[in-house]
Amino acid sequence: MDNLPYFLGGAAITVFVSLIAWVLGLPLSLIIAIARIQRIPIVDLVFSLYVSFVRSLPSPLLVMLLYFGLPVVGLDLNPLVAGIIAMTINTSAFNSEIWRSAILNFPSDQLDAARSVGMSPNQSFWRIAFPQIWQANISNFINEATFLVKSSPAVGIIGIDDLTRRAGKIAASNYEPLPTIVLGMMLYVVVLFAVSLASRQLERYFHDRYQLV
Amino acid sequence: MSLRFDLIWEQAPAFLSGLWNTVWICAIGISLSLILGILLLLPLFSHHKVVRLPTKLLVEAARAIPFLMLAYLVYYGLPSLGLTLDSWSTAILTIVIYNAAYVADILRSAWVNLPKGQTEAARACGFTGVQLLRRIVLPQILIAAAPILGNQAIQVIRDSSFLAIITVPELTFTAKAVQADSFVPFESFITAALLYWVLCLLIEFGVQRLEWVRNFYGKA
């Protein structure tokens, strides 16, 4: 139990890495989704390969590829940056599928109405479709965030001291591995419980506030 | 800068054996967890709260922890209970426990979405208990959930990469060993990544082939 502050520090690092990657991944995945929906010739192909590739790429491998592999190609990253980029790449592929299906399923009569009052396609997307899609899918995006938290131990491989790495370190050195790891697990459960609680609250808030599609 | 894929080619046997280890660990892990996930449906749909609620809690908790954490629990934690496993058994046990929780949850929500009339009609025909589950419910929810189970299988393969940390000689571990040996990190990791990609594309292809079964039976 005297390790609790050390564990909480690890949990903070886990949350920090996941949160930054989530925030960076959202706009990136939106760009990917839009490029694919617009069917921009080569970009569309590249992004669809990217999504397929990243969706089957294990996070630990991606982290090591960026951290150990890129210096060979002349790109030296510090561990924290490499870890955050890896997590961002990881989540961008999954989120882009959420954006894509949400945009494709958006009721077209609303866009027709927007056009008929004189909005350009761009305006009608950003002012009409986007706010509704974002709010209606908030729970899906937050659900991706929980996957992000669960794959974040991958950054431990390159020495970022996240919760799992700290739990593993202590469990390997003290003589009470079982309680140590169970404590680490409970912290993850607490973090993810808080995330899903926030998701439910946000969903309800958006739902009550606006008449969502 | 020059990429040395020739060095990777020399290590092809190592990569193939790593790939093979990933494949069979995941295949056994997925099969056993499918069985365990199905068995978990019994307590999850039990009429007794004492049985249902703790199972539900366990399934939810298992779905809230990272794969690596569970691997640590099995690898470092179980020996203090007198159960010491080698890295292979650790790998499979971790996959089975972890994935069974996801399978149980996927099948549970497929069952909830199964039209009530199905079970009512089956009961009217005299099906009860395990028979009802095996003959009526299970075939329908397995077919309905096939694409989601396919995605989950891909997730298992991705998670199995974490096993490299507890020195299971699977694909990621091989890539790490090769890069340490021949100093070809980029080539080594990208090769492993491409092999994972092929593996997952094969699963996706298999799930698509299953679609005809769905179209044949399934308006479930």
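## Helix packing, chain interface and cysteines

The crossing of H2(A) and H4(A) is left-handed. This comes from a predicted model. H2 of chain A covers residues 41–55 and H4 of chain A covers residues 79–104. Their axes lie 9 Å apart, and the helices pack at an angle of about 120°.

On the H2(A) side, the contact is made by A:Tyr50, A:Val51, A:Val54 and A:Arg55. They meet a set of H4(A) residues made up of A:Ile89, A:Asn90, A:Ser92, A:Ala93, A:Phe94, A:Ser96 and A:Glu97.

Between the chains, 39 residues of chain A are in contact with 39 residues of chain B. About 3400 Å² is buried between chain A and chain B, with 80% of this area on carbon and sulfur atoms. Within chain A, the residues that lose the most area to chain B are A:Leu61, A:Lys150 and A:Met185, which together make up 17% of what that side buries.

Over all chains, a search of the whole structure finds zero disulfides. B:Cys200 is accordingly in no disulfide: the nearest cysteine sulfur belongs to B:Cys26 and is 9.0 Å away, whereas a disulfide needs the two sulfur atoms within 2.5 Å. Two cysteines of chain B can be set side by side by their accessibility.

| Residue | Relative accessible area | Class |
|---|---|---|
| B:Cys125 | 64% | exposed |
| B:Cys200 | 1% | buried |

B:Cys125 is classed as exposed because its relative accessible area of 64% is over 50%. B:Cys200 is classed as buried because its value of 1% is under 20%.

Terms used. Residues are numbered from 1 along each chain as its sequence is written. Chains are lettered from A and ligands numbered from 1 in the order in which they are written. This is a predicted model: local features need pLDDT of at least 70, side-chain atom pairs count only at pLDDT 80 or more; totals for chains, interfaces and linings use all residues. Side-chain values use heavy atoms; hydrogens and water are left out. Buried means under 20% relative accessible area, exposed over 50%, partly exposed in between (1.4 Å probe, protein chains only). Axes are lines fitted to C-alpha atoms, for helices over the stretch in contact, and angles run from 0 to 180 degrees between N-to-C directions. Helices (H or I, at least four residues) and strands (E, at least two) are DSSP runs, numbered from the N terminus. A crossing is left-handed if the near helix is turned anticlockwise from the far one by less than a right angle, and right-handed if clockwise. Contact means heavy atoms within 4.5 Å. Buried area is the accessible area (1.4 Å probe) that two parts lose on being put together, summed over both.
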